[in-house]
Amino acid sequence: MKFPGTILTTCCIIIIGTGWITIDNRYFRPTPVKFTVPKGWPKPVYDFSKNSLTAEGIALGRKLFYDGRLSRDGNFSCGSCHQQFGAFNTYDHNLSHGFNNSLTNRNAPGLFNLAWQREFMWDGGINHLDLQPMAPITAENEMAETIDNVISKLRTDAVYSKMFKAAFGDETINYMRMGKAMSQFLLQLVSSNSKYDKVMRGEATFILPEQLGYEIFQKKCAACHAEPFFTDFSYRNTGMTADPIGNDIGRMKITGNRNDSLKFRVPSLRNVAITFPYGHDGRFFSLSNVFEHYRKNMVADANTDSLVRKKLVLSNYEIGQLTAFLYALTDSAFLKDARFAAPGYDNKGKPPSDIHQ
Amino acid sequence: MKATIVFAFFLFIAASGICFTGKQGKKLPKRQLQLIFTHMIGKEHLVLGNTFTNIFGENIIVQKFKYYISNFSVTDNTGKITRLPPKYFLVDETDSLSKIISLVVPDIAISKISFLLGVDSIRNVSGIQTGALDPLKGMFWTWNSGYIMAKLEGSSTSSTIAGHYFAYHIGGFKHPMNTVRIIDLDVSQNNRCIEMNISADINQWFKSKSVCKISETPVCHSPGALAMKIADNYSTMFSVNSVH
């Protein structure tokens, strides 16, 4: 009858031991958030094992994204040039406005499905999502601030101390944590609920012009604008001559390779109806400008992509059908998703209250 | 009853297993090795802000001089290479302490110590780092992700650009424009050494494997052929003064 006593003692020791080991982590329990890959999509390329998604991290990233203090004069948050109602582009702007009445060099692209993107910027110069915010924050014609200053501003705000602690376990504010938190928020921006997606999932059907447009799209556009992201993330020269003042050489700036002259990333066509103007410098103000470029105006050079070098044959009829299909790529749920709005503007899922009552 | 005995036995085994983990593996004896860097221009000690003359007789005033060193390894007398745990150091002329690097090496006779002048490609593609590799150190390109491996900045009347400045920000980690250089330093004269005095001669930036005059190329701040040329040049800047 000695054995039950031994077992009991051993069990007690193990329980106490386990308690001892876990005591350190007792007060740091962020809420894990699962990243859902839409049905039929490939695995994300972002390494979540190095930056586990948590509700607290996402909330911090969201606050940072909408905080003007990330810029020198406090006027420009990330969200001021990446507006949700424009799928996080700068709505209806060829170029965005920066510090001291400056303009950006390139068109602000929409932000979505970033978990599947390996390189960022039109020239692919940035090789990790966590590093991306540093470029606009420090660019003189964008937010014009130094990371050092941003961090000292955040350190004076008790709310941030609390939020960094909730997300990372202590109150240390550094750039690595900032970058990770912002990535956590940006990774949430998944756009996968357009009519096209519903049709693919069997929840809706295309009307005839959309269906015809889809068939034309698959024949004439999908080689570069590949489904389901509507880009193959490659860099291509599509016969857009360089502006003599800006003289933007595109991908060549990064690789130093002459063959990469005037190559820019193939932009995603998701939400394309609302991300006008188009092109790396926003030179096309409408979809019809783009179609005219491909069938008439483009100026091919030695580096122009073989798929478009001889221009695209597009009839007015085809352009009509294609436009109908491209309109089916608008994800209106994404544009209004309260989780992505500036903090304090989400009304916690309830409709906004009527201020006239 | 038998089951409980077996259960208790397994618990005992498991518990003793936990107790003994961490005590496995013999620890080899180690010793401290200090590397002390001195920055020179030819025969003169570098002082930031002072005027010197480089190997071409161009006058130069250096304002910034810093470089990354990483991935140390030691070679013993038989040629066996032992890699030290990966560590990254930013040696900066404005920070005297950064010019003294303490390493823990196996306590054996060492014939050669090797390191990378620069930051290996893995750290260039792994997002934001902290410590010596924090992007806030001013050694990181925001527009074309990657580390500046070495930086030399200042002014010279030979420079043809506004302000007579020169600025060499040498970086790039992708083949064929990888500016990381492997440095081997011979310590066979005292292979039980605990201290090495190493000098880095800025003159080598301008003339070693090839010629790079401030009057011809006052600026380099992107990966490419010029950066490769300068990296080849400065890869010869280190020499061992004394070993103790």
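Helices (H or I, at least four residues) and strands (E, at least two) are DSSP runs, numbered from the N terminus. This is a predicted model, in which local features need pLDDT of at least 70 and side-chain atom pairs count only at pLDDT 80 or more, while totals for chains, interfaces and linings use all residues. Residues are numbered from 1 along each chain as its sequence is written, and chains are lettered from A and ligands numbered from 1 in the order in which they are written.

**View 1. The end of helix 6 of chain A.** Helix 6 of chain A is followed by A:Gly169, and the phi of this glycine is positive, near 100°.

**View 2. The buried side of helix 6 of chain A.** In helix 6 (residues 158-168) of chain A, the buried residues (20 or more other C-beta atoms within 10 Å of their own, with C-beta atoms placed from the backbone) are A:Tyr160, A:Met163, A:Phe164, A:Ala167 and A:Phe168. They lie on the same side of helix 6 of chain A, because they cover an arc of only 105° around the axis, the arc being that of the directions from the helix axis to the C-beta atoms. Their cover includes helix 2 (55-65), helix 5 (147-155) and helix 7 (175-187) of chain A.

**View 3. Strand 8 of chain B and its partners.** Strand 8 (residues 110-117) of chain B runs antiparallel to strand 4 (residues 59-76) of chain B, to which six bridges join it; two strands pair if DSSP finds at least two bridges between them. In this pairing B:Ser70 stands opposite B:Leu116. Strand 8 also pairs in the antiparallel sense with strand 12 (residues 181-186) of chain B over six bridges, and there B:Ile113 stands opposite B:Leu185.

Technical notes. A residue is buried if 20 or more other C-beta atoms lie within 10 Å of its own, exposed if 12 or fewer, and partly exposed in between; C-beta atoms are placed from the backbone. Two residues are in contact if their C-beta atoms, placed from the backbone, lie within 7 Å.
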